[in-house]
Amino acid sequence: MYVSAEIIATLSSFITLGIGIFALAAWMVRRIDRLENKVDALEDKLGARIDALAGEVTEVKIAVARLEGPPRHLLPVR
């Protein structure tokens, strides 16, 4: 069986392009996984900061309520 040079060149170019596309897809998947890990770490960090801030806000509310005290009446209650 005779195979011309054009067919060999065409097949080798398709194989090369296929390998390149596969390598690009693998690189993109790996890159997305890294980005996903970074986003997860930032989400955990931000969640911890929000929880800490919620605790501080509760403490401030309690302190303000203690400073204000009960409402004062203009007329004394008998």
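User: Why is Ser-4 called buried?

Analyst: This is a predicted model. In it, Ser-4 has 17% relative accessibility. Buried means under 20%, so Ser-4 counts as buried. Ser-4 lies in the segment before α1. Its side chain also makes a polar contact of 3.3 Å with the side chain of Glu-6.

User: What makes that pair a polar contact?

Analyst: The cut-off is a pair of N or O atoms within 3.5 Å. The side chains of Ser-4 and Glu-6 are joined at 3.3 Å.

User: Why is Val-3 called partly exposed?

Analyst: Val-3 has 38% relative accessibility. Buried is under 20% and exposed is over 50%. The value for Val-3 falls in between, so partly exposed is the label. Val-3 is also in the segment before α1, which covers 5-68.

User: How do you know whether Glu-43 is buried or exposed?

Analyst: Take its relative accessibility, 53%. Exposed means over 50%, so Glu-43 counts as exposed. Glu-43 sits in helix α1. On the surface, Glu-43 gathers with Asp-33, Glu-36, Asp-40 and Asp-44 in a patch of negative charge.

User: How many helices and strands are in the protein chain, and what share of its residues is buried?

Analyst: There are 1 helix and 0 strands. Of the 78 residues, 1% count as buried.

Terms used. Residues are numbered from 1 along each chain as its sequence is written. This is a predicted model: local features need pLDDT of at least 70, side-chain atom pairs count only at pLDDT 80 or more; totals for chains, interfaces and linings use all residues. Side-chain values use heavy atoms; hydrogens and water are left out. Helices (H or I, at least four residues) and strands (E, at least two) are DSSP runs, numbered from the N terminus. Buried means under 20% relative accessible area, exposed over 50%, partly exposed in between (1.4 Å probe, protein chains only). A polar contact is a pair of N or O atoms within 3.5 Å; within protein, one must be able to donate a hydrogen and the other to accept it, and residues adjacent in sequence count only if both atoms are side-chain atoms. Patches are made of residues with over 30% relative accessible area and no salt bridge: like charges are joined within 9 Å, nonpolar side chains (Val, Leu, Ile, Met, Phe, Trp, Tyr) within 5 Å. Accessible areas come from the Shrake-Rupley method with a 1.4 Å probe; for residues, only the protein chains shown count as cover. A salt bridge is a side-chain nitrogen of Lys or Arg within 4 Å of a carboxyl oxygen of Asp or Glu. Lys and Arg count as positive and Asp and Glu as negative; His and the chain ends are not counted. The place of a charge is taken as NZ of Lys, CZ of Arg, CG of Asp or CD of Glu.
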